[in-house]
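Dear colleague,

Please find below the structure that I am handing over to you, together with its sequence. My findings follow directly after it.

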Amino acid sequence: MTEYKSELIKTLVSRGYLNQATDIEGLDDAAANKRITGYIGFDMTADSLHVGSLVQIMMLRRMQQAGHKPIILVGTGTTKIGDPSGKDQSRKMTTDAAIAANKAGILKAFDKLLTIGDGPTDAIVVDNDEWLSKFGYLEFLREYGPHFTINRMLTFESVKLRLDREQPLTFLEFNYMLLQAVDFLELSRRYDCTLQLGGGDQWGNIINGVELCRRIDQKPVFGFTTPLITTASGAKMGKTESGAIWLNEDRLSPYEYWQFWRNTEDADVGRFLRLFTDVPLDEIAELEKADGAALNAVKVRLANEATAMLHGDDAAREAEETARATFADGGTGGALPAFDIAASELSAGMPVLALLTGAGFAESNGEAKRLVKGGGVRVNGQIVSDPQAVITTGDLVDGAIKISAGKKRHALARAI
């Protein structure tokens, strides 16, 4: 096993972040001898990132913890194009106003997971629209076009995937990899940035940037990618039956976020502790020995650590207490996700199906009806077996009704 010299590479490799690297020995040597600057780009396709992006943010956190400087590159410019990597179809075009709103939302998570400021190792936020929006088309083609060949671009997975499935790849999207390469070149020149980090699906784009910096500025820079993070059962990280696990609490409550980690599959607990928490590796090695009821306690530890990192210690404690009240004591728990219903509707009798759709447990009455028929729906802890059942003001407990779908999804309907 390779012995690395730098704290950064030791940490990234031992915690499971390494998939591919362009010159890991050279990167290790650079990180061992000086403070390096590295970046990851995030396009503004939604107003919050989800858990699928958390591994990337954690790599920036690891950089900062090891004494290096992270750059959060927000892709206002590249969002106008759309990254085809890993996509079967073209992204919908996004308006400038929507991109600006998404940018503000996405940055909320970084404020909690990184120290952003003017210090030597503080993260900085840079927007690639600063340079991409200033290029004239002919100027861009003359400056950078000669450094890319169609032959090479056709070999990249993001292109091959679309063509192999006979899905259209627009010329607009085909340009994306050029723009990302230019991002690396500009960050190298402006901030002495020598490292681009990203997911495995970005390998081709990262290689383009590394080669562009070498060809034009004769500057050695590095690329580092993570493996695709999936669960032990093969599911893509961050996707659940009830939807994406968003990082912003206005999209997903801290309790639901806590519950996501608490429900981690047994085989994933140690790996997720290494990737998504700051628990020391020797302690994780001991925690991995747990089984049975002890393993459930380790899952609670994982949920607490991950939730505290993003939402704070108080939110993690409240989520744990809510879970205990909900599952062990049969109570309601103050941190359960909640939604409002009109008291007047309750007076007249509200269909239980409306509660299920209001809670987000079903997208339609038909889906809600199937949940009821499946025997997994409870109101205030009591099984509801009739899809035609109605809920009234008599079902209120302290002004709310607890609605459950299965063992893990709970919400409070508050009468207003």
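Glu 249 has a relative accessible area of 48% and is therefore partly exposed; a residue is called buried under 20% relative accessible area, exposed over 50%, and partly exposed in between (1.4 Å probe, protein chains only). The model is a predicted one, in which local features need pLDDT of at least 70 and side-chain atom pairs count only at pLDDT 80 or more, while totals for chains, interfaces and linings use all residues. Residues are numbered from 1 along each chain as its sequence is written, and side-chain values use heavy atoms, with hydrogens and water left out.

The side chain of Glu 249 forms a salt bridge with that of Lys 112, at 3.5 Å from N to O. This pair links distant parts of the chain, since Glu 249 is in the loop between β8 and α13 and Lys 112 is in helix α5, 137 residues apart. A salt bridge here is a side-chain nitrogen of Lys or Arg within 4 Å of a carboxyl oxygen of Asp or Glu. Helices (H or I, at least four residues) and strands (E, at least two) are DSSP runs, numbered from the N terminus. Lys 112 is partly exposed, at 37% relative accessibility.

A second salt bridge joins the side chains of Asp 250 and Lys 108, at 3.7 Å from N to O. Asp 250 lies in the loop between β8 (243-244) and α13 (254-262) and Lys 108 in helix α5 (residues 96-113), so this pair ties together parts that are 142 residues apart in sequence. Asp 250 counts as exposed, at 54%, and Lys 108 as partly exposed, at 41%.

Where do Glu 211 and Arg 215 lie? Both belong to helix α12 (residues 203-217), where they are four residues apart, about one turn of the helix. Glu 211 is buried, with a relative accessible area of 15%, whereas Arg 215 is partly exposed at 35%. The count of salt bridges comes to 22.

Helix α13 is mostly covered, with seven of its nine residues buried. Among them are Tyr 255, Trp 258 and Phe 260.

Two packed helices are described by the angle between their axes and the distance between the axes. Helix α14 (residues 269-276) and helix α16 (residues 293-311) pack at an angle of about 20 degrees, with their axes 10 Å apart. Axes are lines fitted to C-alpha atoms, for helices over the stretch in contact, and angles run from 0 to 180 degrees between N-to-C directions. The two helices α14 and α16 are therefore roughly parallel to each other; angles under 35 degrees count as roughly parallel, over 145 as roughly antiparallel, 65 to 115 as roughly perpendicular and the rest as oblique.

Finally, there are two backbone details. Most residues other than glycine have a negative phi. Asp 192, in the loop between α11 (176-191) and β5 (195-199), has a positive phi near 55 degrees. Asp 192 is partly exposed, with a relative accessible area of 46%. Gln 218, which is not a glycine, has a positive phi of about 50 degrees. Gln 218 lies in the loop between α12 and β6 (222-226) and counts as exposed, at 58% relative accessibility.

Yours sincerely
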